[in-house]
Amino acid sequence: GSAAPGGNSSPFQTPVRLRPGRPLNTSIPPGNTNPIASPNVIEVVASSERRDEARTHRPAYAFDGNPATAWIPQEGAKEPSITAHFKSPMPLASISIVTGSSPNQDEAGDNRIKQFRLTMSDGANQLFTMAKSSEAQTFKVDHTSPVDWVKLTIVNVYRGSKTNLTPLAEISFNREETTEPADGSEEHPRPGLHRRHSPPPKQGS
């Protein structure tokens, strides 16, 4: 099957496949063994995750349907990434994102995502720019060829006033466009958001 970009330059390790419902690591509190709520996602891995005394901020929290929880990469990580593996290959019409960890994030003083890159398992990729907002933002992807996995890489952030943490509360991959684009544009794609096809990443490149 398809594998996530590999080689020594990869920002994350190729995950070990687990049976559906099994925890992704051993630090999960009892009763919260599989927080993934997305019906299309079977596994989530990330380049890093922040851990503090109270809790871990695991990648699966970006897919649990709860905007009060979030995946948070390690502080200061360069272009951190999160990869969702689908239960079966699926086309992508759009992606919806809630950046931050709560509506009152401005009080928390954390970073917000400014730019992110989507890389599909077939090598196609797109770069998106987000508004500085706690509201859900939807971006047109229109990738009609089914893909096995999608990697989201945080490229740039709006710097926070108190911390250098970049929480990502929710990600949703949509098969069909159900909401208007976040910038309120019309049906035609925004300039610069066209799909670029590129060969799959080479091993060790």
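How many helices and strands does the protein have? There is one helix, and there are six strands. (Helices are DSSP runs of H or I with at least four residues, strands are DSSP runs of E with at least two, and both are numbered from the N terminus.) This is a predicted model, where local features need pLDDT of at least 70, side-chain atom pairs count only at pLDDT 80 or more, and totals for chains, interfaces and linings use all residues. Residues are numbered from 1 along each chain as its sequence is written, and side-chain values use heavy atoms, with hydrogens and water left out.

**View 1. The whole protein, from one end of the chain to the other.**
Of the 205 residues in the protein, 44% are buried. (Buried means under 20% relative accessible area, exposed means over 50%, and partly exposed is in between, with a 1.4 Å probe and protein chains only.) The protein exposes about 10800 Å², and carbon and sulfur atoms supply 48% of that area. (Accessible areas come from the Shrake-Rupley method with a 1.4 Å probe; for residues, only the protein chains shown count as cover.) Now take the contacts with a separation of 6 or more: 74% of them are between residues 24 or more positions apart. (A contact means heavy atoms within 4.5 Å.)

**View 2. The largest nonpolar core.**
This core has 30 residues, and Phe-63, Ile-95, Phe-116, Leu-152 and Phe-173 touch the most other members. (A nonpolar core is a set of buried Ala, Val, Leu, Ile, Met, Phe, Trp, Tyr and Cys residues joined through side-chain atoms within 4.5 Å.) At least two core residues come from each of β1 (41-46), β2 (81-99), β3 (112-120), β5 (137-158) and β6 (168-174). Which strand gives the most to this core? That's β2, with seven residues. Another core, of five residues, lies apart from it, and Ile-72, Val-98, Leu-165 and Ala-169 are among its members.

**View 3. Phe-173 and its contacts.**
Leave aside the neighbours within four places in sequence, and Phe-173 is in contact with Asn-40, Phe-63, Ala-84, Phe-86, Met-90, Leu-92, Ser-94, Ile-95 and Val-150. Ring pairs also link Phe-173 with Phe-63 and Phe-86 into a cluster. (Rings of Phe, Tyr and Trp, using the six-membered ring of Trp, pair if their centres lie within 6.5 Å; planes under 30 degrees apart count as stacked, over 60 as edge-to-face and the rest as tilted.)

**View 4. Phe-139 and two ring partners.**
By the pairing rule, the count comes to five aromatic pairs. The rings of Phe-116 and Phe-139 have centres 5.6 Å apart and planes at 75°, so this pair is edge-to-face. It links distant parts of the chain, with Phe-116 in strand β3 and Phe-139 in strand β5, 23 residues apart. Are these two buried or exposed? Phe-116 is buried, with a relative accessible area of 0%, and Phe-139 counts as buried at 3%. The rings of Phe-128 and Phe-139 also have centres 5.6 Å apart, but their planes are at 55°, so that pair is tilted. Phe-128 sits in strand β4 (residues 125-129), eleven residues from Phe-139, and Phe-128 is buried too, at 1%.

**View 5. A charge over a ring.**
Look for Arg-58 here: its charged end sits over the ring of Tyr-61, 5.1 Å from the ring centre. (A charge sits over a ring if NZ of Lys or CZ of Arg is within 6 Å of the ring centre and within 35 degrees of the ring normal.)

Thr-99 lies in strand β2 and counts as buried at 1% relative accessibility. Its side chain reaches the backbone nitrogen of Ile-113 at 3.1 Å. Arg-112, in strand β3, counts as buried at 4% relative accessibility. Arg-112 and Pro-167 are 55 residues apart in sequence, yet 7.2 Å apart in space, C-alpha to C-alpha.

Most residues other than glycine have a negative phi. Glu-79 isn't a glycine, but it has a positive phi of about 45°. You'll find Glu-79 in the loop between β1 and β2, partly exposed at 33% relative accessibility. Ser-88 is in strand β2 and is also partly exposed, with a relative accessible area of 39%. Ser-88 and Pro-146 are 58 residues apart in sequence and 8.7 Å apart in space, C-alpha to C-alpha.

Definitions and conventions
A polar contact is a pair of N or O atoms within 3.5 Å; within protein, one must be able to donate a hydrogen and the other to accept it, and residues adjacent in sequence count only if both atoms are side-chain atoms.
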